[in-house]
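Thanks for coming, everyone. I'll take a few minutes to walk you through one model. Please look at the screen.

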Amino acid sequence: MTDRKIVRVKDVMKKDFDMVDGLVSVSEALKMMKHVDTKCVIVNKRHENDIYGMLLISDIAKQVLAKDRAPDRVNVYEIMSKPVLTVEPEMDIRYCARLFERFGLSRAPVINEGNIIGIVSLTDMVLRGMIQ
């Protein structure tokens with residue numbers, strides 16, 4: 001057995017993130033982004049029984065910019081991902097990285113008791129989790 005310290009998702013995640021309503025335009029969502037380093041916005045639930053969505057900057061590049069669509073005429077809900085895979089704050093980053101690899105993810109919301117408490121990415125896991 002190894003004496004290696006377990007690094008958990010909560011140790012490397014970004015705690016600051018942006019949340020928008022799915023009905024806002026892509027243009028409005030970009031203007032509301034204050035935490036650009038997360039490279040995404042979380043799309044809030046519409047009601048209690050709904051789930052969160054996520055819009056990546058790369059989604060905007062592929063589905064708006066590359067297709068020459070007007071960002072003020074495209075609503076976030078049209079191009080967001082929903083449902084999204086989420087991870088628990090107590091998850092070992094090694095398992096989180098395996099999950100990301102298996103499903104082709106670059107980042108995911110961190111959920112605790114049904115609420116998003118952060119965003120974790122492969123970059124976070126490598127740069128904050130492996131270099132100690």
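Predicted model: local features only at pLDDT ≥ 70, side-chain atom pairs only at ≥ 80, totals over all residues.

Now the hairpin itself. Strands S4 and S5 form it, with 2 residues between them. In that turn, glutamate 113 has a positive phi of about 55°. S4 covers residues 107-112, and S5 covers residues 115-121. They run antiparallel, joined by 6 bridges. Find alanine 108: valine 120 in S5 stands opposite.

Next, the open sheet. It has 3 strands, in the order S1-S2-S3, and the pairing is mixed. S1 (19-20) and S3 (53-56) are the edge strands; each has a single partner strand, so one side of each lacks a neighbour in the sheet. S2, residues 40-43, pairs with S3 in the antiparallel sense over 4 bridges. Cysteine 40, for example, has leucine 56 in S3 as its bridge partner. Helix H3, residues 57-65, lies across S2 and S3, at about 70° to S3.

On to the packing. The largest nonpolar core has 14 residues. Among those with the most contacts inside it are Val20, Leu55, Ile60 and Val76. Which elements give two or more residues to this core? Helix H2 (26-32), S2, H3 and helix H4 (76-79). Take valine 76: beyond its neighbours within four places in sequence, its contacts include Val20, Asp21, Val43 and Leu55. A second, separate core has 12 residues, including Val7, Val9, Ile93 and Met125.

That's the tour.

Technical notes: Residues numbered from 1 in each chain as written. Heavy atoms only, no water. Buried < 20%, exposed > 50% of the residue type's maximum accessible area, 1.4 Å probe, protein only. Pairing = 2+ DSSP bridges. Contact = heavy atoms within 4.5 Å. Axes fitted to C-alpha atoms, helices over the stretch in contact; angles between N-to-C directions. Core = buried A, V, L, I, M, F, W, Y, C linked by side-chain atoms within 4.5 Å.
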